[in-house]
Amino acid sequence: MTGLKSLMQPHRLVLMALFGAFVLWCALSMRWDWLPKYAPLALQGLWTTLWILVVTTVLGFLLAVPLGLAQAIGPWYLSAPARIFCTVIRGTPLLLQIWLLYYGLGSLFPQFPWIRSSELWPYLRQAWPYAVLALTLSYAGYEGEVMRGAFSGVAKGQLESARSFGMPRFTMFRRIWLPQAIRNVLPTLGGETILQLKATPLVATITVVEIYAVSSRVRADTFIVYEPLLLLALVYMVIAALIGLAFKRFENMGPTTRR
Amino acid sequence: MELILETLGLTETAALLSLSPPGWGANLLRGLANSLQIALGAFGMGLVIGLFGAYGKLYGGPILRDLLAIYTTVIRAVPELVLILILYYVGTDLINKLAQFMGYGRVEISGVVAGIWVLGIVQGAYATEILRGAIQAVPPGQIEAARAYGMPALLTLRRVTVPALMAFATPGLANLWLIATKDTALLAVVGFNELTLETKQAASSTRSYFTFFLAAGGLYLMVTLCSGVVFARIEKWARRGQPSLRQGGL
């Protein structure tokens, strides 16, 4: 147990005691009476944050694979648009992208009667489809770049031996190329997923009620400033730690490389 | 010029984006100037914090090292938007307490200063990690040689460590600069008149959302692409004298 031993150094014990005192002081002398009233809303917000995070990372990754592939080996008419897409997404702020989609598309759609009468209209009038679309595209843009490097980083001999066994191209991609590419960039993907978590509060600006929006509402309703923000920061830190742990799990699942 | 605009059907767009008052171009450019000012200030402050932080992490005592580890971990795990709010409130509270203590009344803090303070602390955490990695990548013999000649610590930093770490730190710092320019957009949420907020105001008062958001996107993209060129130059300059791996020198 080296982890426990390294925690038992005297200066760390003092730091932990100080931190414990700080937490105790927060619990005792700050105002938490708003908590019971807003707890159900906060849980709902937390749920919204989590499902937006999961849905956008999964969809974004599915989009990133063809983007990366197109940039790595695609002909110019596929690789050029993919590269432009990644550059544009990575070169402009996410907030601007979200607002462009929400306000831009949101003001464009009602002008077409056939959209208004379609079955999708009840969804298109809400904010979350735009939030999901914007976050998905953003994740895909960043990951497309990562996957480009991942695909070109897989050893050529692996692909050649697969081909020499007569493996069909799609099977080769599914069984050899993609798994190795993903395994090489798992640490990066973990970091990017935490970045994606940190991007989710932006959707609060287009009226999606996730955990950040709940804390803003508490602040606006009760004029309590620090307590909701500190709790919010704690929630994000816990989620980020969980994502980190999950990715460490994934990394240990594959064969470990000795270096 | 006007003929081209008319054939493309862009006359209205050009009128909206023109620099003179009925158009909103001047507002956008002012917002861009604000954004760049905040980004530059925050990047500079981040570099200073990062240099001290990296030195503290590498050569500091155990307590300083643990404190810096907490700083970088917390800052990198909490969304920038939340940090901006927390640091903004903490900063204004502190300054007002200080002003009261010294006998002045309430102080109004300018948006630019608050933005630089908030983003600078965020950037500092990332810069600390980047510079720590870069310092570690400098061959230790170079620093030891400087020390063996009796060079004072500051002179070693200026003449040996910083020039040698530039080559390793430039790609990370280039990324950080791009993050700084894009993070200024978050200050729109707190109500600073930087490019994104100016754009939104222009867009919602003219109802032509696509025009303005695309124009602002173009401006941001221009900044990104220009910075890419500049940082490529800096990296090339920082790597002068290093053998290139491309030409098969191995």
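Visitor: What should be kept in mind about numbering and about the predicted model?
Guide: Residues are numbered from 1 along each chain as its sequence is written, and chains are lettered from A, with ligands numbered from 1, in the order in which they are written. The model is predicted, local features need pLDDT of at least 70, side-chain atom pairs count only at pLDDT 80 or more, and totals for chains, interfaces and linings use all residues.

Visitor: Which ipTM and pTM does the predictor give?
Guide: The complex has an ipTM of 0.82 and a pTM of 0.86.

Visitor: And where in chain B is confidence lowest?
Guide: Helix H1 (residues 2–8) of chain B is lowest, with a mean pLDDT of 66, where pLDDT is the predictor's confidence in each residue, from 0 to 100. Helix H3 (residues 25–59) of chain B is highest, at 91. Chain B averages 85, and 90% of the residues score at least 70.

Visitor: How many helices and strands are in chain A?
Guide: Chain A has 12 helices and zero strands; helices (H or I, at least four residues) and strands (E, at least two) are DSSP runs, numbered from the N terminus.

Visitor: What is the radius of gyration of chain A?
Guide: Chain A has 23 Å, whereas a compact globule of 259 residues would have a value near 18 Å. The radius is taken over C-alpha atoms, and the globule rule is 2.2 Å times the number of residues to the power 0.38. The C-alpha atoms of chain A fill a box of roughly 70 × 65 × 30 Å along the principal axes.

Visitor: How do H9 and H10 of chain A pack?
Guide: Helix H9 (residues 156–164) of chain A and helix H10 (residues 169–199) of chain A pack at about 170°, with axes 10 Å apart. That makes H9(A) roughly antiparallel to H10(A). Axes are lines fitted to C-alpha atoms, for helices over the stretch in contact, and angles run from 0 to 180 degrees between N-to-C directions. Angles under 35 degrees count as roughly parallel, over 145 as roughly antiparallel, 65 to 115 as roughly perpendicular and the rest as oblique.

Visitor: Which residues meet there?
Guide: Gln158(A), Leu159(A), Ala162(A) and Arg163(A) in H9(A) meet Met172(A), Ile176(A), Trp177(A) and Gln180(A) in H10(A). Two residues are in contact if their C-beta atoms, placed from the backbone, lie within 7 Å.

Visitor: Turning to the interface, how many residues does each chain give?
Guide: The contact takes 27 residues from chain A and 31 from chain B. On the side of chain A, the elements that give two or more residues are helices H2 (10–29), H4 (76–91), H5 (94–108) and H12 (226–253) of chain A. That side divides into 19 nonpolar, six polar and two charged residues. Ala, Val, Leu, Ile, Met, Phe, Trp, Tyr, Cys and Pro count as nonpolar, Asp, Glu, Lys and Arg as charged, and the others, Gly among them, as polar.

Visitor: Is Leu154(B) buried or exposed?
Guide: Leu154(B), found in helix H8 (residues 153–183) of chain B, counts as exposed because it has 8 C-beta neighbours inside 10 Å. A residue is buried if 20 or more other C-beta atoms lie within 10 Å of its own, exposed if 12 or fewer, and partly exposed in between, with C-beta atoms placed from the backbone.

Visitor: What percentage of chain B is buried?
Guide: Buried residues make up 34% of the 250 residues in chain B.
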